[in-house]
Amino acid sequence: MNPAFVPPAQPRAASPLQPIGVFDSGVGGLSVLRALRAALPHERFVYLADSANAPYGERGDAYVSARVHAIAHYLRECQHVKALVVACNTATAAAIHEMRSMHPDLPLVGLEPAVKPAIALTRTGHVGVIGTRGTLGSAKFRRLLASLADQAHFVLQPCDGLAHAIERSVVQPPDAAAESSGTGALCARYIHAMPAFGKAPGQIDTLVLGCTHYIFAAHELRALLGPDVRFVEAGAPVARQTGKLLEAAGLLHPPPGGAGSGQAAQEKDACADALPMRLLSTGPAHALQAAAQRWLDFPASCCETVCVP
């Protein structure tokens, strides 16, 4: 038997008052969490950063798949999530199909680089895509591009080390974070390796941020590309899809005062003291704490370290 195999959780009846699970290899998925909270303000969330095993984008599919299954098992069994958002392009590419077959009862949303929305935005027909090597080289992403090949010209640029640099930047003072972590230098290296950006025919006018971390380097990217290049990321589409799945399953959290009577009201009373947000890390929690405070204005008390073997 594969020692990395985690048996699927046994199906159980879910409640609208249970939290939504969200996970990434590190702090990048906070960009998706931000979009989820904006779209679903009444929901509770449990966010898990697998920081002890980051970055996923430079690891093999087998390793990433094993981590995805272990984290899903933990979030279901220990955090009792009613739905799961895989807030990581690399993890989605490596394991989403297996996840759907192993957890058929669980509303499950994965990520993919937002190339479809980019097609609707581009005017030159030239779209740049930056992402991890694991995402851009995956069979899942290549199939997606092949299905859209006649709709735009795509330029792919793997950005080795950029997600890790953004992780490091969160523990630096904001005015020195990009320089001290190397984020700015890496952004410049990869943008300069791509063809020209701009509004002229043949130039790239739309850039897909194909890793959840990259939106947190938007300032550095904007300084390199100017105001005319459009950035596209996946947070808002993922939030909309999550809401649709929860509504279809009857699992949307009721608004305040809307739990009704009987069992629903009893469950609401039982959950009255539950935290609306929990932020968990498999590594030291300081990076997640700093990122949550800087980017989401969450208190450090929301964060804790957990073990997910």
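D297 is an exposed residue, with a relative accessible area of 68%. That counts as exposed because the cut-off is over 50%. Keep in mind as you look around that this is a predicted model. You can find D297 in the loop between helix 13 (286–296) and strand 10 (303–305). Its backbone deserves a look too: phi of D297 is near 60°, a positive value in a residue other than glycine.

Now move to H80, where phi is near 55°, again a positive value in a residue other than glycine. H80 sits in the loop that runs between helix 2 and strand 3 (83–86).

## A cis peptide bond

Which two residues does a cis peptide bond join? They are A54 and P55, and omega for this bond is about -5°. To find the place in the structure, look for the loop between strand 2 (45–49) and helix 2 (61–77), where P55 is found.

## Spaces inside the protein

How many cavities of 30 Å³ or more does a search of the whole structure find? The search gives 4 of them. The largest cavity has a volume of about 130 Å³.

Let us see what surrounds that largest cavity. Its lining is made of 22 residues, and those that lie nearest its centre are G57, T90, T132, A163 and C211. Three helices each supply at least two residues of this lining: helix 3 (89–102), helix 5 (133–136) and helix 7 (162–169). Sorted by type, the lining residues of the largest cavity include 9 nonpolar, 9 polar and 4 charged ones.

## The chain as a whole

The chain has 309 residues, and 54% of them count as buried.

Contacts tell you how parts of the sequence meet in the fold. Among contacts between residues at least 6 apart in sequence, 76% join residues at least 24 apart.

Definitions and conventions. Residues are numbered from 1 along each chain as its sequence is written. This is a predicted model: local features need pLDDT of at least 70, side-chain atom pairs count only at pLDDT 80 or more; totals for chains, interfaces and linings use all residues. Side-chain values use heavy atoms; hydrogens and water are left out. Helices (H or I, at least four residues) and strands (E, at least two) are DSSP runs, numbered from the N terminus. Buried means under 20% relative accessible area, exposed over 50%, partly exposed in between (1.4 Å probe, protein chains only). On a 1 Å grid over the protein atoms alone, a cavity is a set of points where a 1.4 Å probe fits but cannot get out, and a pocket is an open set with protein on both sides within 12 Å along at least five of seven lines; lining residues have an atom within 4 Å of a point. Grid points are joined across faces, edges and corners, and a volume is the space filled by probe spheres set on the points. Ala, Val, Leu, Ile, Met, Phe, Trp, Tyr, Cys and Pro count as nonpolar, Asp, Glu, Lys and Arg as charged, and the others, Gly among them, as polar. Contact means heavy atoms within 4.5 Å.
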